[in-house]
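Please report on the fold, surface and disulfides of this chain.

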Amino acid sequence: MKKITYLLTGLFLFVAVNGVKAQASQDCNMKYNLFKGDTKTKKYDAAKTNLEYLLTNCPKLSVNIYKYGEKIAIKTKDPVLAKRIYEARFVNFPVKGAAKAHSNYATYLINNKLATDEEVFVYLKKAYDISPKDMSVKNIFRYFETIAETNKDTNPQKVFDTYDDVMESVEEKLEDYNKKIAKLQAKDSLGTIGAREKRNLKAFTINSTSLGQVEGGLDAMISKIATRERLIPIYTRDFEGNKTDGVWLKRAVSRMYNKGCQTDPLFEKLANAYAETTQSADAYNFLAGVLAKNGDRKGAAEMKNKAFELETDPFKKAKYKLREAQSAGGSRARALAYEALKYNPNMGKAYLLIASLYQKSANSCGSDEFEKRMVYVAALNKAQKAQKVDPGCGAGRYISSYRKNMPSKKLIFQKGVASGATHKIGCWIGETVRIP
């Protein structure tokens, strides 16, 4: 009889416990739905009550508790709640969207002046260590700026490595926006774009432009630190320990190339090691430059072709063609830039290269001031095209410069031509543009 009693008691407890759990689950789901509905309808004070319940009783129910909770804390200007939201999220959802969450918390602390620079940097570093590409544009810059200032004199290699990691993330994001913008612009030109897609196109354009500005800022910062005087001793010192490390070699060769150090014997040493270690298209492309410098034009051409054929990514093929164009001049450089555009039609930097080629030829492609200044109109057209197809390419400053050099209304009047009429630019440019 006792045995039966124990069995019945155990069964009762099992049913009771599971009943409580089921009821708690139902309550959590009900509170969550009410909370979500209030947040979406901007009833933030009402949402706070259910948020409190969810944080206490159902912290692992959904990551949206913290996403919506973050919004509520910001809208109700409640820093205590914000701290609780972020810290609870880091505990209950340490992986899902973690980089963005840490980056967002850093931004919140900065905007509300709730932490020191050192405290903010802790969250920036956590975001960076998880996934730099998921950080906000401003926080990518903030993180690198702190690393640069802290290590530029004591550990410049750390600055270089951080720059490379950050730039890889920035370029990845820019390429992603580039592809999305191209697809939506095609739909926009056909008139088949929807309202939501239109909003996305605007958002992608804004984000790409901001990223382009960050890229320019990072380049300006690294150019002050990555001097020839710093690079050569560091890479000479570290070569033996890294001569089979493909990533290290790629970064060293790229930095030496970007700083114009190709004539230094170390560049050739690095390029050869990079090619031998990785046997990659990128390595062979650098090696082609070494062969050309040493007077082996045939070998250089063969190596460029090998690199180009080996590469399968059209975006990288475009970069190779652009790099080749940058070392050429005049019509040859323009032809190579257009070849790059065949592989990536939204490569703004290719249009900017053409624009700069035109600008450099202004004095030689016109017989009088009007004709010379019309060359700037052709350059402006290319820069504007660059900005349209690739908002993150940094075309703004080029556009501003070319606009300032276009022919004035007075000059147009003195020439005896009308605004809106066509004008054919001479010499190697040979383009027809409209008079402003």
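## Basis of the model

This is a predicted model, in which local features need pLDDT of at least 70 and side-chain atom pairs count only at pLDDT 80 or more, while totals for chains, interfaces and linings use all residues. Residues are numbered from 1 along each chain as its sequence is written, and side-chain values use heavy atoms, with hydrogens and water left out.

## Overall shape

The chain has 20 helices and two strands. These are DSSP runs, numbered from the N terminus: helices are H or I with at least four residues, strands are E with at least two. The radius of gyration is 29 Å, well over the 22 Å that the globule rule gives for 436 residues, so the chain is more spread out than a compact globule. That radius is taken over C-alpha atoms, and the rule is 2.2 Å times the number of residues to the power 0.38. Along the principal axes, the C-alpha atoms fill a box of roughly 110 × 60 × 40 Å.

## Surface and charge

Of the 436 residues, 43% are buried. Buried means under 20% relative accessible area, exposed over 50%, and partly exposed in between, with a 1.4 Å probe and protein chains only. The accessible surface comes to about 23,900 Å², and carbon and sulfur atoms own 53% of it. Areas come from the Shrake-Rupley method with a 1.4 Å probe; for residues, only the protein chains shown count as cover.

The chain carries 74 positive and 47 negative charges, and their mean positions are 7 Å apart. Lys and Arg count as positive, Asp and Glu as negative; His and the chain ends are not counted. Each charge is placed at NZ of Lys, CZ of Arg, CG of Asp or CD of Glu.

A disulfide is a covalent bond between the sulfur atoms of two cysteines. Here the term is applied to a pair of cysteine sulfur atoms within 2.5 Å. The structure holds two, and their pattern is 1-2, 3-4, with bonded cysteines counted along the chain.

The link joins distant parts of the chain, 30 residues apart: Cys28 sits in helix H1 (residues 2–40), Cys58 in the loop between helix H2 (44–57) and helix H3 (64–75). Both ends are buried, Cys28 at 9% relative accessibility and Cys58 at 5%.

## Disulfide Cys365–Cys427

The sulfur atoms of Cys365 and Cys427 are 1.7 Å apart. This link is right-handed, with 95° about the S-S bond. Its cysteines lie 62 residues apart, in distant parts of the chain: Cys365 in the loop between helix H17 (348–360) and helix H18 (369–389), Cys427 in the loop between strand S1 (422–424) and strand S2 (432–434). Cys365 is buried at 7%, whereas Cys427 is partly exposed at 44%.

## Other residues

Cys261 is buried, with 0% relative accessibility. Cys393 is buried too, at 10%.

Lys100 lies in helix H5 (residues 98–111). At 49% relative accessibility, Lys100 is partly exposed. Its C-alpha atom is 26 Å from that of Cys28, which is 72 residues away along the chain.
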